[in-house]
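Here are my notes on the model.

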Amino acid sequence: MAAVEELSEPDDLTADEREAVQHQLFRLADDEFVVAERYTEWQVKAPTLESDLAFSNIAQDELGHARLWYDLLQDWGAEESELIWERDPSEWRHSTLAELPFDEGDWADPVLRSYLYDVAEDIQLRALQDSSYPRIRDRVGKILGEEDYHREHAANWLERLCEEEESRARVQDALDRLFPHALTLFAPTDEAVEERIDELGIRSEPLVTMREEWLDEVIPFLESLGLSVDDAELPEQYDVHHSQLELPEHTGRDQSHTDAWFDLHDDFTHTYQELGRTSAERIMKDPDDE
Amino acid sequence: MSNAYDTDIPDSVDPVDDDCVEPAGEACAYTEYVEGEAYDDVPATGEGAEGVERDVWDTLYEIEDPEMPISIVDLGLIYGVSVDDTDDGTVATIDMTLTYSGCPARDMLQDQTQEAVEDVDGVDRADLRLVWSPEWNLELVTEQGEQDLRDFGLSI
């Protein structure tokens with residue numbers, strides 16, 4: 001494979017390069033922001049004090065990571081408020097796994113969701129460590145360093161929830177519901193642009209390879225807990241491995257979303273809209289300016 | 001003599017994946033902050049700086065972390081300072097990191113640093129650049145910083 005050439009500074013990218021970098025950044029930023037937005041719904045509602053604090057902190061981590069990625073999208077002139085509060089919901093590119101609502105008290109869902117999400121995130125971040133775009137590469141280490149305990153937390157809770165029949169059945173319900181949506185983590189935003197992301201070396205692994213890696217990690221673990229991933233059972237003689245798995249109607253990546261996303265978007269932009277904001281203004285005057 | 005708590009300790013607990021050095025079954029009483037590596041070129045501490053650059057460093061030393069009485073320089077957040085004469089006047093460029101990406105004090109600390117540096121005599125403008133590589137870790141805290149953190153009550 002030919003050595004990948006380093007990409008230029010933001011302003012010097014060609015239109016094609018810039019589009020590819022932006023697609024990669026929106027994948028990352030939107031996932032983190034939306035999944036965190038959902039996680040915060042568990043604040044003061046998680047089953048134990050420790051899990052409440054842990055889950056709130058995980059949400060805070062993901063918001064911090066979203067911000068590191070949105071920072072890079074601001075290189076082309078957009079403000080943070082335009083990227084988050086003012087962007088039309090039909091333009092977001094997060095996986096539908098991030099946007100699905102929780103049923104009240106259904107703790108198995110966020111635990112499983114965060115496991116599926118965080119294993120995928122780890123694989124996707126590692127594929128960016130040698131990115132040809134230096135501004136992405138520079139941030140990956142910081143984020144990876146803050147992710148390890150997310151997976152530990154989720155895996156640890158999954159093990160406990162799967163020890164008893166009743167709670168394992170709840171995890172199984174969540175798995176049946178979430179699994180197709182988790183696959184959209186590896187869905188393309190646009191086939192041609194994703195190919196360009198690979199060709200330009202913005203990431204070192206194509207989506208299909210990362211998806212295989214993810215399946216090879218999550219399926220054996222889930223099965224070891226007594227869960228079944230029916231869709232993943234394919235005859236071994238077919239070398240297609242998991243390529244037959246079906247995606248849900250909406251993948252999120254291609255900007256098609258479930259109804260739940262539009263409700264969530266209404267919720268988190270509600271105050272911004274109600275106050276007639278056009279930018280993220282300061283609530284208080286800076287005392288130094290008085 | 002056995003104590004009452006023994007009954008709660010399982011006979012076998014898998015000790016793998018546990019940061020603790022205690023035998024299985026005992027509580028994890030503390031977190032050891034030993035992760036991280038030292039780097040050759042960061043943090044910057046302003047050693048040997050002169051003139052306006054010295055004044056910029058002195059100002060940075062006066063800025064404290066919002067939660068702990070430790071200077072942001074001794075905490076190891078400053079990765080570089082340069083002072084250059086340009087067509088726009090004298091510009092101080094500060095490369096700075098944060099301990100945590102989700103730091104809620106990010107804007108506050110950035111604004112405070114920018115304003116303080118722009119107040120330095122001889123500086124017309126400050127350019128603050130947030131950098132995330134190499135990642136901050138405890139090895140970046142200076143000796144003075146470690147002392148300050150110990151005085152504050154942290155075991156480091």
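1. Helices (H or I, at least four residues) and strands (E, at least two) are DSSP runs, numbered from the N terminus. A:Leu53 lies in helix 2 of chain A. The model is predicted: local features need pLDDT of at least 70, side-chain atom pairs count only at pLDDT 80 or more, and totals for chains, interfaces and linings use all residues. Residues are numbered from 1 along each chain as its sequence is written, and chains are lettered from A and ligands numbered from 1 in the order in which they are written.

2. Is A:Leu53 buried or exposed? A residue is buried if 20 or more other C-beta atoms lie within 10 Å of its own, exposed if 12 or fewer, and partly exposed in between, with C-beta atoms placed from the backbone. A:Leu53 is exposed because it has 12 other C-beta atoms within 10 Å. Its C-alpha atom is separated by 9.7 Å from that of A:Trp42, eleven residues apart along the chain.

3. Between the chains, 14 residues of chain A are in contact (C-beta atoms, placed from the backbone, within 7 Å) with eight residues of chain B. On the chain A side, helix 2 (49-73) and helix 6 (134-145) are the elements giving two or more residues. That side has three nonpolar, five polar and six charged residues; Ala, Val, Leu, Ile, Met, Phe, Trp, Tyr, Cys and Pro count as nonpolar, Asp, Glu, Lys and Arg as charged, and the others, Gly among them, as polar.

4. Helix 5 (residues 108-126) and helix 8 (residues 165-183) of chain A pack with their axes 9 Å apart, at an angle of about 45 degrees. Axes are lines fitted to C-alpha atoms, for helices over the stretch in contact, and angles run from 0 to 180 degrees between N-to-C directions. The two helices are therefore oblique to each other: angles under 35 degrees count as roughly parallel, over 145 as roughly antiparallel, 65 to 115 as roughly perpendicular and the rest as oblique. By class, their contact has eight nonpolar, one polar and three charged residues.

5. A nonpolar core is a set of buried Ala, Val, Leu, Ile, Met, Phe, Trp, Tyr and Cys residues joined through C-beta atoms within 7 Å. Of the 61 residues in the largest one, A:Val111, A:Leu112, A:Leu116 and A:Leu158 touch the most other members. Helix 1 of chain A gives the most to this core, with eleven residues. Leaving aside neighbours within four places in sequence, A:Leu116 is in contact with A:Leu97, A:Leu178, A:Ala182 and A:Val218.

Terms used
Contact = placed C-beta atoms within 7 Å.
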